[in-house]
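Reader: I would like a close look at one part, the aromatic pairs. How many does a search of the whole structure find, and what lies around them?

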Amino acid sequence: MNIVLVLSGTHLTLAVPLVFVIAGIALFTFVFFASHSIASSLVGKRAASHKAQASSLYLFFYYTGSSIFGSLGGFFWSGSGWKGVVAMVSVMILVTLVLAISVIRENDVAANTKWCPCMQFSYCILFFIYKA
């Protein structure tokens, strides 16, 4: 659900009326930081050992990714304006969805549970709602 909401917020910023742009920014910001705080807390809970190192690595990659993709966004802005930035962020969100599905799949295989490919998206949404 979080992925759908953050993607919706991203695309609302492309709207012409300022009210939609503000709503999109608010939706994106709220969902992004809520997801970040949930993911940050999950790192410590899911780590079997070395919880401090796991949390440290999460924050390292969070800020490294922010720096790299924040800078990369400037190239998209220069080339295509705001639509280019939205396209870059949308691709990043969709890559996140694919990675989340693969993690869920690995957990299901490890737990020896059956996997239905038609349920990938809905299961990913449930993962972010109930596991977070």
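**The aromatic pairs and their setting**

Author: Seven aromatic pairs turn up when the whole structure is searched; rings of Phe, Tyr and Trp (its six-membered ring) pair if their centres lie within 6.5 Å, and planes under 30 degrees apart count as stacked, over 60 as edge-to-face and the rest as tilted. The model is a predicted one, in which local features need pLDDT of at least 70 and side-chain atom pairs count only at pLDDT 80 or more, while totals for chains, interfaces and linings use all residues. Residues are numbered from 1 along each chain as its sequence is written, and side-chain values use heavy atoms, with hydrogens and water left out.

A pair of aromatic rings is described by the distance of the centres and the angle of the planes. One of the pairs is formed by Phe32 and Phe33, which are edge-to-face, with 5.0 Å from centre to centre and 85° between the planes. Phe32 is partly exposed because its relative accessibility is 30%, and Phe33 is partly exposed at 45%. Buried here means under 20% relative accessible area, exposed over 50%, and partly exposed in between (1.4 Å probe, protein chains only).

Phe60 and Phe61 are also edge-to-face, because their ring centres are 5.1 Å apart and their planes stand at 75°. Phe60 has a relative accessibility of 48%, so Phe60 is partly exposed; Phe61, at 55%, is exposed.

Phe32 and Phe33 also belong to a cluster linked by ring pairs, together with Phe28, Tyr58, Tyr62 and Tyr63.

At least two lining residues come from each of helix 1, helix 2 (18–46), helix 3 and helix 4 (120–131), and helix 3 gives the largest share, 19 residues.

The protein as a whole has four helices and zero strands. Helices (H or I, at least four residues) and strands (E, at least two) are DSSP runs, numbered from the N terminus.

Of the 132 residues in the protein, 22% are buried. The largest nonpolar core is made of six residues, namely Ile3, Val6, Val31, Ile93, Leu97 and Ile101. Such a core is a set of buried Ala, Val, Leu, Ile, Met, Phe, Trp, Tyr and Cys residues joined through side-chain atoms within 4.5 Å. Helix 1 (2–12) and helix 3 (51–110) are the elements that give two or more residues to this core, and the largest share, three residues, is from helix 3.
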